[in-house]
Structures are given as C-alpha cells and as structure tokens.
Amino acid sequence: MKKAKWLCTAAAVLALSAVVAGCGGDEKKEAAKTGGPSGEVMVYTSIYPDIIDNVCKPAMSKVFPDMKVDWFQGGTEKVMTKMAGEIKAKKIGADVLMVAEPSYYLSLKNDGLLLDYVSPNLKDVITDKDEKGAWSSVRISNMIIAYNSDKLSAEEAPKSWKDLTDPKWQGKIAMPNPMLSGTAFVAVAALADKYGWEYFDQLKANGMRVEEGNSAIQNKLLTGEYAAAMILEENILKLAATKNEPLKVVYPEDGVVIIPSPIAIFNTTKNADGAKAMVDWWLSKEGQQAVVQGWMHSVRGDVEPPKGAPALKTFSENAVPVDWQKLADNKAEIKEEFRVRVME
C-alpha cells in the first residue's frame, strides 16, 4: 500500500481568536477576556517527562493562561495499553494524543475515534499528515546508530545497520525493546522489511542485547559496556549538548529510520475548541521551535534542526521506507516474530 501521508507565538494568536467564536456559556465569556480558550485539555503523550516539564508545560501556561492542560506520560506502548482499556470501556480520558507510533493513528482513524480538523497551520507541515486533518506529524524522531567517541574513532564506528552484524561487535551492541518502545517497533518493522527477518537472526547471533529503553542504552554507551547501539537521535543530541558527553550520532548509510510522531484529537473530547487551539499552536512556527528545543526535528520547513543535527532533508531521501498500514495491520505478528527470533 502506498505510504500513508503523515510524518511549542504569533500563529497562536490567530488560533486562539478562532476558537473564541466556538466557545459556549461561561467558557465563551471567560475566553473573551484573554482571547483564548478555557476549560481543561488532557494530553496523553510519550514525550519524555523532562521535556514536558521544561518545554511543554511552560509553553502551554504562557499561550493558554485560562486553560488547564493535564498530561499523562508514558512510553508509547504504555499509553496505547491505557487507551485500549478506555476505548473498550467507552471512557476515553484523553482529548489530545501525542505518541511516537504513526501506524497507531491509522488504526484509531479506521475505528472512527479521531476528530477531523484541518488546522490553519496544516498547510505548512511538509511531513506526513492526513488529508482531512484527523492527524498530522508534529515532531520527528530518528532511529540512528550511536557510539562513544572516547572509545571509538569515527573511522572505527559502524557506518550502517548492516555493519552491526560484523563479528567485531560481538556482545557489544544493543537496541531498545520494541515491545515497550514505539520507535523501536517502527525500526524493527522497517529493517525487517528492508533486510528480511534474517537480519535480526544475525544481530542475535552477534550478541545484541535488548534493553528496556533508550535511557538504559545511552548510559551503557557512556560506561563502554556497549560499543554501538540503535537509539533515538534526540537522546544523543541532548547528552552531547547539555552535558558535553562524548556520544556521537551515525546517520546510517543504508538509511535512517524516520518516525514522524503525530498529534490528533479524539472525537469524544469535551473541549474541542481548546484541543484545536493546542493543535494549531504545536503546528505553528513557534510551537515547532519548542519541538526543536526538545531535541526533535520540526515538521515544518522554516524551522532549524536541533543543535548538533543536520537538516532533515539531508537524510530523509535515503530513509528506510516504512509501510505504516502494514504496521497498523500486523502489529502483534511483527512483535511476536521479533520476540521469538531475538528474545527467546
């Protein structure tokens, strides 16, 4: 199937004024005082807790002073498990969803759970998005290879995903658990499509370890327990910039796995105006500059990449292809194949 189209304040002022007309009763009167929405919005997200605390919460408080924004944070799989229970009980607690597994949004749309909303800023999104606005990519995470430059030179470090099967890395490589990490799941599915499941047989034979998440891997790269690892670019950029750690990013010659994490509104929301205003802001230039502060790439073409990273366009054309519909339709089978081949 053809790849689905996907992929924190001047713009906010336009968004906020637009929602005032849609507010009702006391909310309308209160919103009119500041030109912004009121009420509450609950966001379920896989964004790292420190980014929520240091970037998201301050931005939301400043842009939406009369709206209470609550956050439920967890890994993508944890959020999806919570959502599964709420959907089954027909008691969805989230208004807005921001998790790192694009194919999940295809399933949610197929089940009729998302609100079609064409944000005024959707036209500026150059990465994947739904034509009717049911979802849009809002942040770009990249699965790359990382190494410790105190332990390896740039010449010695692996240059491609296939390089990780070289016997010289025996017992010295790792990746996050795709049963827990949405971005790792995408990487597994994409690389299995590209090289076949035999690729993961080779990695297992080469002693690859599967860690709970990206944080555990970055710490063991620092200690030298691992020579190289599959990991999120944002983890490495952040450590290198904020703590001057000697971790380096390799953008694999055989393709980065690009994960355009989306944002969407549930059609069960009780504050559609507030949720729409939030989507408008995240897709604005100012909102995307906040995304970059969280060490992720922007979904717009007019926002610079995070510190220490090249522009997305420099490696996007050679990215590993991802069949999002296949991931949506075969999630359980892909995870089970990985578990049997690698984790048993």
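**Close-ups of a predicted model**

**View 1. Strand E9 and its neighbours.** In this predicted model, strand E3 (residues 96-98) and E9 run antiparallel and are joined by 2 bridges. Look for Leu 97 here: its bridge partner in E9 is Ala 264. E4 also runs antiparallel to E9, and that pairing has 7 bridges. Within it, Asn 142 sits opposite Ile 258 of E9.

**View 2. The two faces of E9.** How many of the 9 residues of E9 are buried? The count is 9 of 9, so the strand is mostly covered, given that buried means under 20% relative accessible area. Val 257, Ile 259, Ser 261, Ile 263 and Ile 265 point one way from E9. Ile 258, Pro 260, Pro 262 and Ala 264 point the other way, and the residues of both sets are all buried.

**View 3. The largest cavity.** This one is a void with a volume of about 70 Å³. Of the 13 residues lining it, those closest to the centre are Tyr 117, Gly 133, Ala 134, Ile 263 and Val 279. Strand E9 (257-265) and helix H10 (272-283) each put at least two residues into the lining. E9 gives the largest share, with 3 residues. What classes of residue make up the lining of the largest cavity? There are 10 nonpolar and 3 polar residues, and no charged ones.

**View 4. E1, H3 and E2.** Here strand E1 (residues 39-45) pairs with strand E2 (residues 67-73) in the parallel sense, over 7 bridges. To get from E1 to E2 the chain passes through helix H3 (residues 49-63), and this β-α-β crossover is right-handed. For a landmark in the pairing, find Val 43, which stands opposite Trp 71 in E2.

View 5. Asn 148 belongs to strand E4 (residues 136-148). Is Asn 148 buried or exposed? Its relative accessible area is 2%, so Asn 148 counts as buried. Along the chain, Asn 148 and Gly 224 are 76 residues apart, yet 7.4 Å separates their C-alpha atoms.

View 6. Asp 124 lies in the loop between helix H5 (102-110) and E4. With a relative accessible area of 26%, Asp 124 is partly exposed.

View 7. Most residues other than glycine have a negative phi. Asn 244 has a positive phi, near 55°, and Trp 295 has one near 70°. Where is Asn 244 found? It is in the loop between helix H9 (233-242) and strand E8 (247-250). Trp 295 is placed in the loop between helix H11 (285-293) and helix H12 (313-316). As for cover, Asn 244 is exposed, at 69% relative accessible area, whereas Trp 295 counts as buried, at 13% relative accessibility.

**View 8. Zooming back out.** The chain holds 14 helices and 9 strands. Of its 344 residues, 55% are buried. The accessible surface of the chain is about 14600 Å², and carbon and sulfur atoms account for 50% of that.

Note on methods: Residues numbered from 1 in each chain as written. Predicted model: local features only at pLDDT ≥ 70, side-chain atom pairs only at ≥ 80, totals over all residues. Heavy atoms only, no water. 1 Å grid on protein atoms, 1.4 Å probe; cavity = no way out; pocket = protein on both sides within 12 Å on 5 of 7 lines; lining within 4 Å. Points joined across faces, edges and corners; volume = space filled by probe spheres on them. Helix = DSSP H or I, 4+ residues; strand = E, 2+ residues; numbered from the N terminus. Nonpolar A, V, L, I, M, F, W, Y, C, P; charged D, E, K, R; others polar. Buried < 20%, exposed > 50% of the residue type's maximum accessible area, 1.4 Å probe, protein only. Areas by Shrake-Rupley, 256 points an atom, 1.4 Å probe, with all protein chains shown as cover. Pairing = 2+ DSSP bridges. Right-handed = clockwise from strand over helix to strand, strands pointing away.
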